[in-house]
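Student: Could you take me through one part of this structure slowly, and show me how its pieces sit together?

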Amino acid sequence: MLSPQSIPDYLLQSDAVRARFARLKAREPVLEVSNLGKRFASPQGEHVALNNVSFTTHRREFVCVIGPSGCGKSTLIRILAGLETQTSGEVRVNGKAVDGPGADRGMVFQGYTLFPWLTVKKNVMFGLRMNGQGAAEAEREALQWLDLVGLEKFANAYPHQLSGGMKQRVAIARALANRPRILLMDEPFGALDAQTRAKMQAHLLDIWRNVDITILFITHDLDEAIFLADRILVLKAHPGEVQELIEVPVPRPRSYEQFTSPEFLATRARLDALIHPPQSHESPEDDARVSPHMIRMTDVNDDVE
Ligand SMILES: Nc1ncnc2c1ncn2[C@@H]1O[C@H](COP(=O)(O)OP(=O)(O)OP(=O)(O)O)[C@@H](O)[C@H]1O
Ligand SMILES: [Mg+2]
């Protein structure tokens with residue numbers, strides 16, 4: 001293990017990584033977010049969920065979004081999906097302003113959103129049929145996408161017969177089947193156990209390598225963000241604002257051995273500093289959030305620690 005002194009600066013990039021970022025930024029922008037703001041009315045007055053958020057994502061880029069709970073990650077992705085309207089600013093996909101949901105954006109949520117009464121295959125066919133595709137053609141395509149996520153054998157199973165990881169693979173196949181330009185993923189692996197989650201991360205990278213898709217992926221897990229992302233958009237809370245857009249210096253292809261590499265640890269240290277800054281006790285409101293008032297609910301005298 002490297003000592004904190006020997007961890008390099010996260011801004012240092014090898015020649016290969018720097019060249020990769022130069023190629024990435026030379027690709028056309030797929031998603032352009034400019035000065036995005038969102039306010040919600042609440043009984044306490046107006047709540048600013050997002051303030052002046054701007055960033056650009058390029059074709060086939062993998063961007064992770066992290067930030068403390070309540071910083072507006074889901075609000076951001078819902079605006080990008082067209083499920084929520086912004087109060088100010090603009091979102092463009094392929095140069096076209098977003099004003100509602102569209103086939104150019106696919107969504108995968110944390111909760112399992114498959115139709116329980118349809119088979120796996122019919123779940124994937126659903127969007128294709130809605131777009132007017134014939135049954136035979138939709139079935140052929142659905143089977144191709146199920147093959148890509150390794151679930152062709154489960155085409156005729158129902159969602160309740162699948163594990164959590166398999167359900168999310170179907171959800172990814174269903175989103176990709178509509179041929180979106182962007183895949184918007186809101187903590188898609190958040191409900192999975194650690195082992196399944198690790199498998200799904202590697203699997204998602206495999207899919208991403210083989211499909212012309214730009215991915216925006218929200219997570220709470222710092223290691224997951226570093227393992228997956230080209231760049232990590234770090235948001236801060238109250239109000240939700242961009243803190244930094246970090247270029248991950250870890251080379252590709254990624255592997256789990258890299259978790260202890262100097263570049264990985266350097267990025268991890270930077271994210272830790274941004275997400276878990278040393279506690280300040282400046283405002284009583286902050287204190288209340290960090291340590292809620294504890295009520296003792298036992299009379300037993302023998303303390304547990
Ligand atoms: N429909 C709504 N009406 C009022 N306030 C809302 C609404 N949706 C979100 N908010 C508020 O906006 C802020 C951002 O919420 P959001 O769900 O986007 O956060 P988040 O970063 O996704 O959090 P988490 O990490 O817990 O999922 C929160 O303070 C939340 O209470
Ligand atoms: Mg959320």
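**A close look at the open sheet and its helix**

Tutor: Let us begin with an open sheet of 4 strands, whose order is β2-β1-β4-β5 and whose pairing is antiparallel. On the edges are β2 and β5 (96-97), each of which pairs on one side only. Please keep in mind that this is a predicted model. As background, strands of a sheet pair through backbone hydrogen bonds, in either a parallel or an antiparallel way.

You can find the spot by looking for valine 93, which stands opposite lysine 96 in β5.

Now bring in the helix. α2 lies across β1, β2 and β4, and runs at about 65° to β2. Is α2 mostly covered or mostly open? It is mostly covered, since 7 of the 9 residues of α2 are buried. The buried residues of α2 are Lys73, Thr75, Leu76, Ile77, Ile79, Leu80 and Ala81. Here is a handy rule for reading such a list: an α-helix has 3.6 residues a turn, so residues three or four places apart point the same way.

β1 (29-42), β2 (45-58) and α2 (73-81) each supply at least two residues of the shell around ligand 1. Which of the elements gives the most to that shell? The answer is α2, with 3 residues. Around ligand 1 you will find Phe40, Ser42, His47, Ala49, Gly67, Ser69, Gly70, Cys71, Gly72, Lys73, Ser74 and Thr75. By type, the shell around ligand 1 has 3 nonpolar, 8 polar and 1 charged residues.

Finally, step back to the whole chain. It has 9 helices and 10 strands, and its C-alpha trace spans about 65 × 55 × 45 Å along the principal axes. A compact globule of 305 residues would have a radius of gyration near 19 Å, and the chain has 21 Å, which agrees. Buried residues make up 34% of the 305 residues in the chain. Of the contacts in the chain with a separation of 6 or more, 70% are between residues 24 or more positions apart.

Note on methods: Residues numbered from 1 in each chain as written. Chains lettered and ligands numbered in written order. Predicted model: local features only at pLDDT ≥ 70, side-chain atom pairs only at ≥ 80, totals over all residues. Rg over C-alpha atoms; globule rule 2.2 N^0.38 Å. Buried ≥ 20, exposed ≤ 12 C-beta atoms within 10 Å, placed from the backbone. Contact = placed C-beta atoms within 7 Å. Near = placed C-beta within 6 Å. Nonpolar A, V, L, I, M, F, W, Y, C, P; charged D, E, K, R; others polar. Pairing = 2+ DSSP bridges. Axes fitted to C-alpha atoms, helices over the stretch in contact; angles between N-to-C directions.
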